[in-house]
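Dear colleague,

Please find below the sequence and the structure that I am handing over to you. My notes on what was found follow directly after.

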Number of protein chains: 2
Amino acid sequence: MSDTLPHAEGALQGIRVIDLTRVISGPFCTQMLGDHGAEVIKIEPPGRGDIVRSQGNMVNGFSWYFAQFNRNKRSLTLDLRQEEGRAILIRLLEDADVLVENFRPGVMGKMGLDDATLRERFPHLVVGRINGFGSTGPYRDRPAYDFIAQAMSGFMGVNGPADGEPMRAAPPISDMVSSQNLAFGISAALVRRERTGQGDIVETALTNGLISMMGYLAAEYFATGEVPRRTGNDHPMLYPYGLFQASDGEVAIAPSNDIMVERFLGALDMRSLLEDERFADNRRRMANREALREILNRVIERRSVAEWIEHLNEAGVPCGRVHDLRDTFEDPQVQAQQMTLELDQGAHGKVPTTGFPVKMSEAPAALHHPVPGLGEHSEAILAELGLSDAELAELRKKGVT
Amino acid sequence: MSDTLPHAEGALQGIRVIDLTRVISGPFCTQMLGDHGAEVIKIEPPGRGDIVRSQGNMVNGFSWYFAQFNRNKRSLTLDLRQEEGRAILIRLLEDADVLVENFRPGVMGKMGLDDATLRERFPHLVVGRINGFGSTGPYRDRPAYDFIAQAMSGFMGVNGPADGEPMRAAPPISDMVSSQNLAFGISAALVRRERTGQGDIVETALTNGLISMMGYLAAEYFATGEVPRRTGNDHPMLYPYGLFQASDGEVAIAPSNDIMVERFLGALDMRSLLEDERFADNRRRMANREALREILNRVIERRSVAEWIEHLNEAGVPCGRVHDLRDTFEDPQVQAQQMTLELDQGAHGKVPTTGFPVKMSEAPAALHHPVPGLGEHSEAILAELGLSDAELAELRKKGVT
């Protein structure tokens, strides 16, 4: 399977994925499958391909944004608007384990591949799908986008300063979460297929993924009927907790219970504050938060972030620097965890991407392929299907591949 | 397997999970496995159990926060500090497919279950593990917490107002993401086990999960060496995009390319703005963002959020209301997608929780068990292991269960 790189067996070795997805949600999912050893065939329209190929920061004519989501795949160009393109897709599906798509609801049906047809023709196939709002319900046909999913899931509404507007998270978090959900769902469906021989249709949605992550905030709303208020970086129920001002920047400190608070104040040599009636327990500390914040910052501003981090970690208090992305990727822990991965893109040079978040001991995630050029593997993949050179030339002439 | 509820077969039916996790990361993962049909045995210390049982909003003596993370599990109390408790854990592992733990590195070793021992004694077992920073590297022993992971991953640093401080997301997002990653990794390892008969050790970390989600922001840093700046709700590269002020609140509008921008301005009957040299292309619109924002808000404030949403969706422009959690859970789409799930907790009453984000057609996620009382299934599970009533009485006397 591997063209160019030393082969390491991943957990999903032997699983063949036909990938019709583009942009972020979908490509991130299939990349996770590929990282863990699945053979991923990315099908792209001839000409431009996935639009992300020409978006974001281009270096040596190569999109580093695209690289973030498309390693460990091979690329086959196929015009699915043409009958011949769809015929090849169907031949690929006959030998595939997984199909993933992120079209709007209805597009697969127009290609003659609605759910009933997929289930009947390819009973072993696991079909994975991501969309904005789910494929049933009143909004199923609405266009979706991460920003809208952040707004409508309630996620944006709980984030941000107490006195400010609702605040999005900058990364496209609904795309990423729904991709991770789909990678899980596809894998779980594959476990079942081993048992029953049957495929399944697995679906995730940008909004649903974020809603499932509301955790205790959802519990609070359900229990009280009151919507949780934005509290910025303050914890809604605990103090001290949050960002504090050291001499050279902000330090995040998160004592999550009374024992930790004692350790924290002990590390500041201010345990006596607990004898002050304003601060004797969490309820009173919450009521007098601003007074306590001022006292603590007065002490914390005397030393540097690095000094506090060393000192507080010694005392067993969860704390850390607020990293910008340079700090993050230069952090020795992040490097020890290999959370960057350098791709050798030949003439385009070396391209760093974020690394594998799921570590496995026996069958680790690995780099099997760098990011494919558009249609780089068309010839090889079509030859594997048994197409002759003449047939291939005919398809080329018609612009099918 | 099911005690009380009608049985639906899930994708992970027949997979037995021994769950040593507590708090959020870990319990969210094993709940996902349980939602999809795995049999999850939650092992808790006798007495207090998982500390979340007594945290958050308590209704009728029952934590609705705990309910968010612990449906579809059975509970067995076991004191793992006692030899007899560890002996029962080992008997359970002999018949288990998956073990999940979120202790600090080293705790399993102190129980006599370091990785080498686990691999040797239980070669078929898939071991899943979540921790703060990973189990290698200089920070492996540091205490972690979601707030710290948000700070150190770089996630907090890119979120927040352009002129304000770095901003956390309110949900414990690093816990949730690392749980989702682990559910994927465990399932992928189970796929491999079907093929090879071998288990694996799968690990995720709070920081690593968020780092892997930095997407184009990481690409931007890698490509330019510049750290991405906070831009609040504005997109760093596109305008118009973001929150706009309608007559009765904020509306999120996200035209992601020039075609969408044309549709958006057309829907406002202001397409002529594209002939204004300040706004003719995205680059110029970014340079004159505040001027354009003012013009657009002047039009948008004339109609209500609901009117704009209907009108813009008709025009194919991604848009939505900024929902608080009440709006979210009352939204007809969220209800159509069944994103709440009501648990019948007997004497504690009915308890709503968030629903299943991964939908499957043939083997859907389902409610197999409500949230277990502490040790509710101790007797049944120990009897399944073949313990006699006398042995059980002895264990009880010693406080092992």
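This is a predicted model: local features need pLDDT of at least 70, side-chain atom pairs count only at pLDDT 80 or more; totals for chains, interfaces and linings use all residues.

Residues are numbered from 1 along each chain as its sequence is written, chains are lettered from A and ligands numbered from 1 in the order in which they are written, and side-chain values use heavy atoms, with hydrogens and water left out.

Chain A is divided into domain 1 (16–213 + 338–397) and domain 2 (242–330), with bounds that come from an automatic or database domain assignment. The C-alpha centres of these two domains of chain A lie 43 Å apart.

Helices (H or I, at least four residues) and strands (E, at least two) are DSSP runs, numbered from the N terminus. In helix H1 (residues 27–35) of chain A, nine of the nine residues are buried, so this helix is largely enclosed by the rest of the structure; buried means under 20% relative accessible area (1.4 Å probe, protein chains only). Among them are A:Phe28, A:Met32 and A:Leu33. The buried residues of H1(A) pack (contact: heavy atoms within 4.5 Å) against strands S1 (16–19), S2 (39–44) and S6 (98–101) and helices H2 (64–67) and H8 (173–196) of chain A, together with helix H8 (173–196) of chain B. After H1(A) comes A:Gly37, with a positive phi near 105 degrees.

An open sheet of seven strands has the order S5(A)-S2(A)-S1(A)-S6(A)-S7(A)-S8(A)-S14(B), with mixed pairing; two strands pair if DSSP finds at least two bridges between them. Strand S5 (74–77) of chain A and strand S14 (359–360) of chain B stand at the edges with a single partner strand each, so one side of each is left without a neighbour in the sheet. S2(A) and S5(A) pair in the parallel sense over four bridges, and A:Ile43 stands opposite A:Leu76 in S5(A). H8(A) packs on the sheet, touching S6, strand S7 (126–131) and strand S8 (200–205) of chain A together with S14 of chain B.

Chain B can be laid on chain A with an RMSD of 0.0 Å by a turn of 180 degrees and a shift of 0.0 Å along the axis, superposed by least squares on the C-alpha atoms of residues with pLDDT of at least 70 in both. The two copies are thus related as by a two-fold rotation axis. B:Phe184 comes closest to the rotation axis of the residues of chain B, at 2.0 Å (C-alpha). Of the interface residues of chain B, 100% are also interface residues in chain A, so the copies meet through the same surface.

With kind regards

Methods:
Buried means under 20% relative accessible area, exposed over 50%, partly exposed in between (1.4 Å probe, protein chains only). Axes are lines fitted to C-alpha atoms, for helices over the stretch in contact, and angles run from 0 to 180 degrees between N-to-C directions.
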